[in-house]
Amino acid sequence: MLTSFFAADDTAAAGNPILNIAVFVAFIVATMFIVTRVGKGGNKGASDFYTGGAQFSGTQNGLAIAGDYLSAASFLGIGGAIALTGYDGFLYAIGFFVAWLVALLLVAEPLRNVGKFTMADVLSFRLKQRPVRTAAAISTLAVTLFYLIAQMAGAGSLVAVLLNIHDSTQQSIVVAVVGIIMVAYVLIGGMKGTTYVQMIKAVLLVGAVIIMTLI
């Protein structure tokens, strides 16, 4: 009886799985349409690949950075830190802001001034190119791997809850599908498409927070 009660409670909390998946698919189709339209020009050079051709305004770049910052990994990490350590955990959120400022002032601005896109470009210009680029590629992939694991696991677990999926194998499949969708966004839209997705994400998240606050 107790097990069936909690199962029924979980189903009620998750809502209607058919409606949830319909909204999810509609969102994917809409954003994929935008990404496809935006990424039609493709990546014709390094500027398009790294900065989207420098065609975005300061407001658009700010929204994109906010969308990237408000990620599943950030929410889960900060939420977990606050749950475990209280106010001390909240300081990690402030630490992220400080890190952004340091990166902008000490890394991003000098790179822009010398006309380079990455630290590997600058260091390879001064040092031996192949060892520097190899080290940069390995370190980038290592950091990105751990970040994406948390990102995809968080997003996939959320979708599994919305679809009322409790089997571990099916949840793993959902996580894999979400990962494939993430890769598709980048492959189809490039940096321009990714930037637009991040802007849409920031608007939706901030709007949802405002609505919940008012309610």
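The largest nonpolar core in this predicted model consists of seven residues: Ala155, Val159, Ala160, Leu163, Ile165, Val174 and Val178. Two elements, α8 (129–162) and α9 (168–214), each supply two or more residues to this core. The greatest share comes from α8, which gives three residues.

The secondary structure of the protein chain amounts to nine helices and zero strands, so that the order from the N terminus reads α-α-α-α-α-α-α-α-α. Of its 215 residues, 22% count as buried. When contacts in the protein chain between residues at least 6 apart in sequence are taken, 69% of them join residues at least 24 apart.

The packing of α8 against α9 comes next. The axes of α8 and α9 are 9 Å apart, and the two helices pack at an angle of about 115°. An angle from 65 to 115 degrees counts as roughly perpendicular, and α8 and α9 are therefore roughly perpendicular to each other. In passing α9, α8 makes a right-handed crossing. On the α8 side the contact is made by Gln151, Met152, Ala153, Ala155, Gly156, Ser157, Val159 and Ala160, and on the α9 side by Gln171, Val174, Val175, Val178, Gly179, Met182 and Lys201. By class, the residues of the contact of α8 with α9 comprise nine nonpolar, five polar and one charged. Among the residues of this contact are Ala155, Val159, Ala160, Val174 and Val178, which also belong to the largest nonpolar core.

Leaving out neighbours within four places in sequence, phenylalanine 24 is in contact with Val159 and Ile181. Along the chain, phenylalanine 24 and valine 159 are 135 residues apart, while their C-alpha atoms are separated by 8.4 Å. Is phenylalanine 24 buried, exposed or partly exposed? Its relative accessible area is 26%, so phenylalanine 24 is partly exposed.

Helix α8 has a further partner in helix α7 (residues 119–126). The axes of α7 and α8 come within 8 Å and cross at roughly 160°. Angles over 145 degrees count as roughly antiparallel, and α7 and α8 are therefore roughly antiparallel to each other. The crossing in which α7 passes α8 is right-handed. From α7, Ala120, Asp121, Leu123 and Ser124 meet Gln129, Val132, Arg133 and Ala136 of α8. The contact of α7 with α8 contains four nonpolar, two polar and two charged residues.

One more helix pair remains to be described, that of helix α4 (residues 58–69) and helix α6 (residues 87–113), whose axes come within 13 Å and cross at roughly 140°. The helices α4 and α6 are therefore oblique to each other. Their crossing is right-handed. Here Ile65, Asp68 and Tyr69 in α4 meet Ala93, Phe96, Phe97 and Trp100 in α6. Sorted by class, the contact of α4 with α6 has six nonpolar residues, no polar residues and one charged residue.

How values were computed: Residues numbered from 1 in each chain as written. Predicted model: local features only at pLDDT ≥ 70, side-chain atom pairs only at ≥ 80, totals over all residues. Heavy atoms only, no water. Core = buried A, V, L, I, M, F, W, Y, C linked by side-chain atoms within 4.5 Å. Buried < 20%, exposed > 50% of the residue type's maximum accessible area, 1.4 Å probe, protein only. Helix = DSSP H or I, 4+ residues; strand = E, 2+ residues; numbered from the N terminus. Axes fitted to C-alpha atoms, helices over the stretch in contact; angles between N-to-C directions. Parallel < 35°, antiparallel > 145°, perpendicular 65-115°, else oblique. Left-handed = near helix turned anticlockwise from the far one by under 90°. Contact = heavy atoms within 4.5 Å. Nonpolar A, V, L, I, M, F, W, Y, C, P; charged D, E, K, R; others polar.
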